[in-house]
Amino acid sequence: MMMKVAQSAQVPIHSTRLSATAPQPSVVRQRQCVQTRSTAEMSLQSPSRTPKPVEQSEVPKTPFEQLQELLARNAPKAFKGAENLTLQGNYAPVQNEIYVQGLPVVEGVLPREINGMYMRNGPNPLHTPYGSHHVFEGDGMVHAVRIKDGCANYCNTYVDTYKLDMERKAGRPLWAKFADIEGPIGVGIALLELAKMQTGIIDASKGNGTANTNLEYHAGRLMALMEGDMPYQLYVSPEGVVRTVKRMDLGESWREPTDHFTAHPKYESATGNMHFFSYDIMTPQLKLGTLDPQGRLSYSLKVDLPGPSMIHDVAITPNYKAFFHCPLVFDPTVGFTGMQGDPKEPRMPC
Ligand SMILES: [Fe+2]
């Protein structure tokens with residue numbers, strides 16, 4: 001079957017957004033679909049969330065930020081933000097966050113036996129970057145279609161990460177892009193980023209992730225994942241409204257600055273455990289973790305590595321966890337100097 005989202009049902013991204021308490025009447029379009037729950041019932045089940053109206057340029061630019069922007073704008077880049085192929089055409093970011101009930105079915109029928117939800121997550125930058133842009137850096141946006149009783153509802157929403165909240169308030173990008181960390185100008189941009197953290201402009205303890213890579217469900221929690229940060233827990237209403245609940249905290253033993261959460265954890269059906277891991281681009285270390293069936297951190301282990309490397313995935317068996325530790329290691333000097341290094345000892349920029 002085919003469904004479509006009516007254009008008139010869309011609302012601007014910075015309008016009073018869909019609160020977690022109930023969908024706004026102005027964005028609801030109803031057809032003949034049966035509504036099984038009232039909006040009042042939804043509000044009782046929704047997480048508390050204070051709408052954050054945006055005031056453009058609410059936050060004044062600091063000298064660090066001004067200089068960083070100047071460097072990023074003037075860096076000789078092959079793919080500057082607005083001209084970047086990953087920001088154009090079919091790849092262009094979606095500009096609206098909407099919730100629509102009763103999608104028109106333009107071909108075929110929705111079988112009433114279907115009761116479920118299709119969801120996807122992916123990068124969707126809120127702001128056009130000053131300098132370069134890598135597709136990995138876009139803010140996470142979740143799209144979801146809830147199908148039930150022959151009716152389909154659609155919702156798309158940003159994952160409200162710490163980074164997104166800060167940049168939404170500011171009305172501009174606040175974090176440097178890793179695509180800009182190259183050559184002598186990149187050295188300056190990186191040092192200014194450190195200065196922003198040291199002076200509290202950016203709170204590094206709250207993470208800088210975009211939650212843009214994957215969605216996983218475990219122990220009653222739906223998680224938006226990106227391997228450079230902790231998961232963000234999402235809420236889904238029975239009618240398919242999706243909202244961010246919070247950045248997850250696994251307790252004292254998983255709170256070091258280098259503790260992250262892979263975007264590709266593995267579920268072990270025999271035990272109900274979820275296995276995950278963390279790596280860091282500056283620390284030669286792999287950290288393994290297990291969430292028990294109740295979602296509690298039940299196991300953690302640090303493993304020293306010869307060098308900091310990108311470890312993207314893991315395979316599990318009944319007795320082992322298998323990681324690929326590739327010889328290509330992170331080295332910040334490669335990004336700063338543009339040198340590729342010795343092919344026998346491959347290195348990549350952080
Ligand atoms: Fe991946």
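Which residues have the most contacts inside the largest nonpolar core? They are Val142, Ala224 and Leu225. The model is predicted: local features need pLDDT of at least 70, side-chain atom pairs count only at pLDDT 80 or more, and totals for chains, interfaces and linings use all residues. Numbering starts from 1 along each chain as its sequence is written.

**View 1. The largest nonpolar core has 35 residues.** A nonpolar core is a set of buried Ala, Val, Leu, Ile, Met, Phe, Trp, Tyr and Cys residues joined through C-beta atoms within 7 Å. Buried means 20 or more other C-beta atoms within 10 Å of the residue's own, with C-beta atoms placed from the backbone. Elements giving two or more residues include β2 (99-100), β5 (140-148) and β8 (221-225). Strands are DSSP E runs of at least two residues, numbered from the N terminus. β6 gives the largest share, five residues. Domain 1 (2-248) and domain 2 (251-350) each supply at least three; their bounds come from an automatic or database domain assignment.

**View 2. Leu225 and its contacts.** Leu225 touches Ala211, Thr213, Asn214, Glu216, Pro231, Phe261 and Ala263, leaving out residues up to four places away in sequence. Contact means C-beta atoms, placed from the backbone, within 7 Å.

**View 3. A second, separate core has 11 residues.** Among them are Tyr130, Ala176, Phe178 and Ile181.

**View 4. An open antiparallel sheet runs β11-β12-β13-β14.** Strands pair if DSSP finds at least two bridges between them. β11 (266-268) and β14 (297-304) are the edge strands, each pairing on one side only. Six bridges join β12 and β13. Met274 stands opposite Leu291 in β13.

Note on methods:
A residue is buried if 20 or more other C-beta atoms lie within 10 Å of its own, exposed if 12 or fewer, and partly exposed in between; C-beta atoms are placed from the backbone. Helices (H or I, at least four residues) and strands (E, at least two) are DSSP runs, numbered from the N terminus. Two residues are in contact if their C-beta atoms, placed from the backbone, lie within 7 Å.
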